[in-house]
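I open this notebook to record what I looked up in the model, entry by entry.

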Amino acid sequence: MGNTYILPQYIALNNIMIDVVTKMANESIIEVSHLTKMFKKFTAVDDISFDVKKGEIFGLLGPNGAGKSTTLRMLSTLSRPTKGTATIGGYDTVKHDMEVRKLIGIVSEKMIIYNRLTAKENLWFFGSLFNIPKDTLNKRIDDLLELVQLTKWKNAQVGTFSTGMRQRMNVVRALLNMPQVLFLDEPTLGLDPQSSVEIRDFVKKINQEQGTTVIITTHMMLDADLLCDRIAIIDHGKIIALDTSTNLKKIISGGDTMIIKLEVANLTPDMVSTVKALKCADAVTQENSTTMHIIVHGEEAFDSIIDTVRKNNGKITSMANLQPSLEDVFLHITGHEVRDSADQKIKQEHGPRFGSAPKRVR
Amino acid sequence: MTVQTILHHSFRIAKKDLTELFRNRLGLVLLIVMPLFMMVMVGFIYPSNGTITNLHVGVVNEDAGFNGVFMSNQAFLPGLNAINSQTHMLIMTNVSNTADLKDQVQRGALEGGIVIPSNFSESLMSGEQGTLIIVSDESNPQISATIQGALKGVFGAMGTAMAQQNVAPLNATNTLAVVQPLAVQTQGVVSGHPSYFDFIAPGIMAMTVMMSVMTGLPVAISQEKEIGTMDGMMVAPVNRLSILLGKTIAQTGRGLIQGVIILALAIGIFGVAIQGSILLVFALLLLGVFSFVGLGIVVTSFTKDQETAQMMMMTLMFPMMFLGGVFFPIQQMPWYMQDISKVLPLTYASDALRKVMVLGAGIPQISTDLIVLIVFGIVMIAIALPVFRKMMTR
């Protein structure tokens, strides 16, 4: 008897729940509008606007000094925007910074961890800053250490850990307050491939199991490609493209653009520059002493390239039509390689920035 | 954000900082060795009165005598020996002539000399003033002054003895009172004989504790900024004041530890006696810290990295050390330097501490010092906090 009364209510409730869930899926947790940061005369971040959906993994991709880290610092309340606003969970990052801080966790390339404290002491210290009740915090620390397989070393000083272990600590530290938004600033920088994979998998796991929204900056195309739902490509402080990895690649493969990997046994710098001068070549990079990586457009592109190389007495050993990678997308849009501009930036050294400073180990 | 949360966070941060400090073994050793060095160096190198002994002095006796009487050998030299056997100030060597004496002083074989001229006996016997010549090493004013002082003492005693002989026929009951009707007797505020350590120990204590905050704060904060851990505290919902307060508490703790070490060394090894209240001593140290915190924060705000912070502290520390009356009484300085030292909080802290430790003063006697320290501290903190806030959210 009772059940017949409850049923309609249950259905109604269920409908509301579905509503909430669908709304949540489309709801923006981060809203950035005309965000600008200037260091004296240098504009590090130039009038950028974007939204990040709840539960999304959002990538900021670009060379060092493109403004990724500065953007992240502004979003995480560490730096004040010169112009524009950003909100996280509806809270303004400047006016309601304390509320924002309760919602976020940050993992930066510089590890936020004290080498002279033990793993447990480190987590205890940072956890206590969030006013988490003692018992809850204790349990959470144990869980998190277990999650990254550091339980065995919980009473060892972090200074004795390997870089990979320390980065795991660093990530786990950012999860102490169970953040809704996790900021990762170049989390795999300086890690060996295996540790990089570990961190990547871990981030994915957190995102899927806890619904944590993740904002990740990286100049590693592979990281961005494998992790991110959507990617914003940043260069010189501006967002020049923002879409899913697949859609970004369509910019290349959708048109008549092709990527050719050309191996020439007797490759000379002259040959590279003559190919570069061709009308059909959008971007040419030399990968090693025998291989060129060419982005071309047009129907006669293959022919004209082969002709040019042959005319210069080049011996073609192999030629392949490649699937576009994010690297190619970047190259196509900006006309320069990620690595190129990274080198330029480090030489220029303008404005305070993170990522270019030498690593320091105490 | 309640006051309680702010305090809770600052204690957490202070505890974390101190844990790090205690895990740093070498740092801990240096923490103890530094004040020890400071005490030993300063205490032993700067001489207090009458501490110079065993000076090598040449004696040239050119006295030709008068009517067969040699005043030099019969009166002066025995008198000098008698006095010297008590004080051990001089080690005397006979030298043949003045030229030889000067030569030996120049070579460094002797540190000074006494020349008894040929007319010494004649002058004295014929009722004139007897003259002695002191040859001193002008390149070392300290030693030269000591020899002069020692010889003047001997001459004075000898002169008095001779005068007493001369007035003996007057049948006075106390010949000394006739010759020297006035005598000086020094009486300190407290009993005993305070040494130079009594002077410097309070000063060094004040300096170490206050400097630890002024130097430690910028270094601790800029170091955390540099290695990136500061961001970890900044992205937590923690008031900036808590970070500042926590760091200050930790640095004060470090400074007080050093202060206690100095105090223990001063009492145990250098025989310094504390006349006043030990509680007042610690209260004064804390007040000194308070007056310096603002200055430390200002420096913190202006320095971007650890290296600059350290250099800036060194630059500020040296003038303070010498102008703050830690090693020398400020009364010894030229007037314009005295004026500078009057605006340094260290001057008042070390003065107050010295009055309490050496003279046994209480709060009423050091009220001026206290007021200056409190006002200075409040003014500096009022300046520092807005500056710090601005720095933290660049």
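How many Å separate the centres of domain 1 of chain B and domain 2 of chain B, taken over C-alpha atoms? I find 51 Å between these two centres.

Before going further I note that this is a predicted model, in which local features need pLDDT of at least 70 and side-chain atom pairs count only at pLDDT 80 or more, while totals for chains, interfaces and linings use all residues. Residues are numbered from 1 along each chain as its sequence is written, and chains are lettered from A in the order in which they are written.

Entry on the domains. I looked up the division of chain B and found domain 1 (3–47 + 195–392) and domain 2 (55–179), the bounds coming from an automatic or database domain assignment. For chain A the assignment gives domain 1 (30–248) and domain 2 (249–348), and I read 35 Å between the C-alpha centres of these two domains of chain A.

Entry on contacts inside chain A. I counted two residues as in contact if their C-beta atoms, placed from the backbone, lie within 7 Å; on that basis 16 residues of domain 1 of chain A are in contact with 15 residues of domain 2 of chain A. At least two residues of the domain 1 side are supplied by each of helix H8 (221–227), strand S9 (230–235), strand S10 (238–243) and helix H9 (245–253) of chain A, where helices (H or I, at least four residues) and strands (E, at least two) are DSSP runs numbered from the N terminus. H9(A) gives the largest share of that side, four residues.

Entry on contacts between the chains. I find 27 residues of chain A in contact with 22 residues of chain B. On the side of chain A that touches chain B, two or more residues come from each of helix H3 (97–103), strand S6 (104–107) and helix H4 (119–128) of chain A, with the largest share, four residues, from H4(A).

Entry on backbone angles. A:Thr77, in the loop between helix H2 (68–75) and strand S4 (83–88) of chain A, has a positive phi near 65° although the residue is not glycine. I noted A:Thr77 as buried, with 25 other C-beta atoms within 10 Å, the cut-offs being 20 or more for buried, 12 or fewer for exposed, and partly exposed in between. A:Gln149, in the loop between helix H5 (134–147) and helix H6 (163–173) of chain A, also has a positive phi, near 55°, but A:Gln149 counts as exposed because 11 C-beta neighbours lie inside 10 Å.
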